[in-house]
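Please look at the sequence and the structure below before reading on.

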Amino acid sequence: MPKIIFPVEATHIMMFARAVGDTNPVYHDAEAAKGTEVGGIVAPPTFPQAVAQFDPDYHLRPKPGQPWFGSGRTPSGIEGKPASSGGLHAEQHFEYHRPLRPGDVLTVETRPGETWEKESKRAGKLRFRERITEYRDQNGELVVTARSVGVTTERPVDQG
């Protein structure tokens, strides 16, 4: 996967915190944040997900001239039954090595992690795959390690 450059800006932190409904002043008020343990504005815990806005190929972003899941006169914007990958997002973990702060310029790289399987009575074999994303600052220091786990099923789950 390609490297993505992700500049961390105070307004982006503030807008992200507002979007998730978090009013903690350490995400938007420099004066209030100065008097806290973190000593200044920092990003909320799930903020690294905002890297998607800097990925030109992000799969959930609408593409001009193509039907998009989430737009159009039908709920999905896609006519008929949308194709399913059979995949689910199962877990997301963030390990912070230090807080993200305005002014950081992150280089983000994702690599495959472990894979494993489990048997399910309803869906057959479950295949789990892990992705590791590392966020390094402008000095090359590791700031955040994100681990996501996806799962695909061998067969559709019977809704009956």
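In what order do the elements of the protein chain run from the N terminus on? They run β-α-α-β-β-β-β.

## Model and numbering

This is a predicted model, in which local features need pLDDT of at least 70 and side-chain atom pairs count only at pLDDT 80 or more, while totals for chains, interfaces and linings use all residues. Residues are numbered from 1 along each chain as its sequence is written, and side-chain values use heavy atoms, with hydrogens and water left out.

## Overall make-up

The protein chain has two helices and five strands. Both kinds of element are DSSP runs numbered from the N terminus: helices are H or I with at least four residues, and strands are E with at least two.

The protein chain has 160 residues, and 29% of them are buried. Here buried means under 20% relative accessible area, exposed means over 50%, and partly exposed lies in between (1.4 Å probe, protein chains only). The chain exposes about 10700 Å², of which carbon and sulfur atoms supply 54%. Accessible areas come from the Shrake-Rupley method with a 1.4 Å probe, and for residues only the protein chains shown count as cover.

Contact means heavy atoms within 4.5 Å. Taking contacts between residues at least 6 apart in sequence, 60% join residues at least 24 apart.

## The largest pocket

The largest pocket holds about 970 Å³ of space. A pocket is found on a 1 Å grid over the protein atoms alone: it is an open set of points where a 1.4 Å probe fits, with protein on both sides within 12 Å along at least five of seven lines, and its lining residues have an atom within 4 Å of a point. Grid points are joined across faces, edges and corners, and the volume is the space filled by probe spheres set on the points. The lining has 29 residues, and the closest to the pocket centre are Q49, Y58, H59, R131 and S148.

Which strands each supply at least two residues of this lining? They are β2 (87-96), β3 (105-120), β4 (124-136) and β5 (142-153). The largest share, five residues, comes from β5. By class, the lining has 13 nonpolar, eleven polar and five charged residues. Ala, Val, Leu, Ile, Met, Phe, Trp, Tyr, Cys and Pro count as nonpolar, Asp, Glu, Lys and Arg as charged, and the others, Gly among them, as polar.

## Salt bridges

Side chains of opposite charge can pair when their charged atoms come close. A salt bridge is counted when a side-chain nitrogen of Lys or Arg lies within 4 Å of a carboxyl oxygen of Asp or Glu. By this rule there are ten salt bridges.

E134 forms a salt bridge with R111, with the closest N and O atoms 3.7 Å apart. This pair links distant parts of the chain, E134 being in strand β4 and R111 in strand β3, 23 residues apart. E134 also forms a salt bridge with R136, at 3.5 Å between the closest N and O atoms. The relative accessible area is 22% for E134, 41% for R111 and 30% for R136.

K125 and E117 meet in another salt bridge, at 3.6 Å from N to O. K125 is partly exposed at 25% relative accessibility, and E117 is partly exposed at 47%. E91, E130 and R147 are linked in a network of salt bridges.

## A residue in helix α1

H12 is found in helix α1 (residues 10-19). Is H12 buried or exposed? H12 is buried, with a relative accessible area of 15%. Leaving out residues up to four places away in sequence, H12 touches F6, P7, F47, A50 and F54.
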